[in-house]
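This note comments on a single-chain model and is arranged as numbered points. Please read it alongside the sequence and the coordinates.

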Amino acid sequence: MSASTNRSVVLITGAATGIGNLTARSLAAAGHTVYASMRDITGRNVQHAQELVELGQREGHDLRVVELDVTSQDSADAAVRRVLDETGHLDTVVHNAGHLFVGYVEAFTAEDVTRLFDINTIGVHRVNRAVLPHMRERRSGTLLYVGSTTSVVLPPFLGPYVASKTAADALAQVTAYEVNPLGIETTIVMPGPFTQGTEHFPNASHAGDTARSAGYAQLDPLVARNEEATEGLFPEDVDAHPRAVAEEITRVLGLPAGTRPFRTVVDFSQADVEEVNAVMRGAQERFLTRLGFGELLNVTRQG
């Protein structure tokens, strides 16, 4: 079934730029009612918001913009209320909002790391708390998480980011066990690295303790060539652009309910993440079955 024949109401977090923005455009073009959420839609993100609204008007897509700051439970609750007030239901949440930290782990203060987890991990939980009462009442819905292959391959110089994405992935998995019996599906889309088409790296934060960073100066040349090294992993004939993630999300949400994969990987760096996922999947199946909770496993189909 194509996306255009399986339309739904979708809320996307972090849709001002990058993967979230591309996903909003792709899903709207596929016929879904899309709420592209972002912070400060009348301030710093006003241009991004206007561009999406104008695109929807120009192309005849049902593309709307809503204020949502994932670091605020009140903001998440208000965004979901608006969707429900306007449409009466919410079928899918695309958890995309996130921030990147680049630097040496020791040089990030505890406050730095706490702030990143507040966005990348607890932000996911806040939005789920806002939407799950509605989905549980309807006994239907899809939670789609934009995860990361970094939670498997653990690249250097991104320590707090990797930790926050790994924690979010674990929350997604355990939440899936608990909501699946209530009719709520889960998919984790795992993008690999991208060096174009997103503001993830240009907008990244760096370690606040410069004195600690100086202690790792001998590694600075490695950090400096990180982007070049990443690009060297891409096949020469492949356009490694994040639009591929948006296209995969659109494909997955176009599938009939009950057939969507639990995990799917969009990775041009050829990091063999699928192989690791398969091993983890097998271990989870065996462990949960031995616990006597095997009935929860049908949520973890491998795509």
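Which residues line the largest cavity?

1. Basis. This is a predicted model, in which local features need pLDDT of at least 70 and side-chain atom pairs count only at pLDDT 80 or more, while totals for chains, interfaces and linings use all residues. Residues are numbered from 1 along each chain as its sequence is written, and side-chain values use heavy atoms, with hydrogens and water left out.

2. Lining of the largest cavity. The residues in question are H95, A97, N120, V124, Y145, V146, G147, K165, A168, D169, A172 and I188. A cavity is a set of points, on a 1 Å grid over the protein atoms alone, where a 1.4 Å probe fits but cannot get out; lining residues have an atom within 4 Å of a point. Two or more lining residues come from each of β6 and α7 (159-179), and α7 gives the most, with four. By class, the lining comprises seven nonpolar, three polar and two charged residues; Ala, Val, Leu, Ile, Met, Phe, Trp, Tyr, Cys and Pro count as nonpolar, Asp, Glu, Lys and Arg as charged, and the others, Gly among them, as polar.

3. Overall form. The chain has 12 helices and nine strands, taken as DSSP runs numbered from the N terminus (helices: H or I, at least four residues; strands: E, at least two). Its radius of gyration is 19 Å, close to the 19 Å that the globule rule gives for 303 residues, so the chain is as compact as a globular protein of that length. The radius is taken over C-alpha atoms, and the rule is 2.2 Å times the number of residues to the power 0.38.

4. Sheet. Seven strands form an open sheet in the order β3-β2-β1-β4-β6-β7-β9, with parallel pairing. The edge strands, β3 (63-67) and β9 (263-266), each pair on one side only. Two strands pair if DSSP finds at least two bridges between them; β4 (residues 92-95) and β6 (residues 141-146) are joined by four. Within this pair, H95 stands opposite Y145 of β6.

5. Helices on the sheet. Helix α5 (residues 122-138) lies across β4, β6 and β7 (184-191), at about 165 degrees to β6. Helix α12 (residues 273-291) lies across β7 and β9, at about 165 degrees to β9. Axes are lines fitted to C-alpha atoms, for helices over the stretch in contact (heavy atoms within 4.5 Å), and angles run from 0 to 180 degrees between N-to-C directions.

How values were computed: 1 Å grid on protein atoms, 1.4 Å probe; cavity = no way out; pocket = protein on both sides within 12 Å on 5 of 7 lines; lining within 4 Å.
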